[in-house]
Amino acid sequence: IIVWVLKDNLGIDFVFIVCTYWAFFALSQSIYHSIKQLLPSANRVHKIARVICFIAPLAAVADLAENLVSFIMLLQPLDFADFLVYPYSSFAVIKFALFALTYLWGAVALVLLTLILTARASRYLCGLLFRANRISA
């Protein structure tokens with residue numbers, strides 16, 4: 001029973017890893033292209049967004065590496081080599097740091113892009129109102 005439960009949980013974890021990779025890739029790419037479209041002259045922001053496109057999906061790679069180290073540790077669960085704790089923990093820290101970075105970047109980009117679109121929409125509507133007032137006067 002323990003092997004069956006462990007096998008099913010590993011399958012779920014690998015599905016999660018693949019979904020995380022593609023979700024973070026799609027999120028970072030959509031943010032990058034939105035920024036490029038709405039802020040064509042903001043080269044520094046373009047560079048940051050482009051770097052995030054490569055860094056964000058690495059959270060899934062770190063999760064995969066963490067799982068591989070845990071498989072080695074599970075071969076001898078009561079007597080594994082102590083030094084394996086360091087790469088296992090390091091991959092976990094990298095994974096969670098990249099998760100946090102990606103979520104933070106997504107939130108900041110959402111606010112930034114919403115503000116830009118709101119400013120453009122209000123400028124457009126004010127221009128329409130100004131023209132309508134000039135024509136009726």
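Helices here are DSSP runs of H or I with at least four residues, strands are runs of E with at least two, and the elements are numbered from the N terminus. The place of Val 61, for instance, is in helix α3. The structure is a predicted model, in which local features need pLDDT of at least 70 and side-chain atom pairs count only at pLDDT 80 or more, while totals for chains, interfaces and linings use all residues. Residues are numbered from 1 along each chain as its sequence is written, and side-chain values use heavy atoms, with hydrogens and water left out.

By this assignment the protein has four helices and zero strands, and from the N terminus on its elements follow the order α-α-α-α. Of the 137 residues, 26% count as buried, where buried means under 20% relative accessible area, exposed means over 50%, and partly exposed covers the range in between, with a 1.4 Å probe and protein chains only. The accessible areas themselves come from the Shrake-Rupley method with a 1.4 Å probe, and for residues only the protein chains shown count as cover.

The buried residues of α3 include Ala 59, Ala 62, Asp 63, Glu 66, Asn 67 and Met 73. Val 61, by contrast, counts as partly exposed because its relative accessibility is 42%. The C-alpha atoms of Val 61 and Ile 94 lie 9.8 Å apart in space, although the two residues are 33 residues apart in sequence.

In one of them, Lys 95 pairs with Asp 63, with the closest N and O atoms 3.4 Å apart. Because Lys 95 lies in helix α4 (residues 85–136) and Asp 63 in helix α3, this pair ties together parts that are 32 residues apart in sequence. Glu 66 and Lys 95 also meet through their side chains in a salt bridge, at 2.8 Å from N to O. Glu 66 belongs to helix α3 and Lys 95 to helix α4, so this pair ties together parts that are 29 residues apart in sequence.

Trp 105 and Ile 52 are 53 residues apart in sequence, and 8.2 Å separates them in space, C-alpha to C-alpha.

The surface can be described through its patches, which are made of residues with over 30% relative accessible area and no salt bridge, like charges being joined within 9 Å and nonpolar side chains (Val, Leu, Ile, Met, Phe, Trp, Tyr) within 5 Å. A nonpolar surface patch of about 540 Å² is made by Val 18, Tyr 21, Trp 22, Phe 25, Leu 58 and Val 61. Helices α1 (2–38) and α3 each supply at least two of its residues, and the largest share, four residues, comes from α1. Trp 22 has its place in helix α1 and is exposed, with a relative accessible area of 52%. Thr 20, also found in helix α1, is buried, with a relative accessible area of 7%. The C-alpha atoms of Thr 20 and Pro 57 are separated by 7.3 Å, and the two residues are 37 residues apart along the chain.

A patch of positive charge gathers Lys 36, Arg 44, Lys 47 and Arg 50 on the surface. Helix α2 (residues 43–55) gives the largest share of the positive patch, three residues. Lys 47 is found in helix α2, and at 53% relative accessibility Lys 47 counts as exposed.

How values were computed:
A salt bridge is a side-chain nitrogen of Lys or Arg within 4 Å of a carboxyl oxygen of Asp or Glu. Lys and Arg count as positive and Asp and Glu as negative; His and the chain ends are not counted. The place of a charge is taken as NZ of Lys, CZ of Arg, CG of Asp or CD of Glu.
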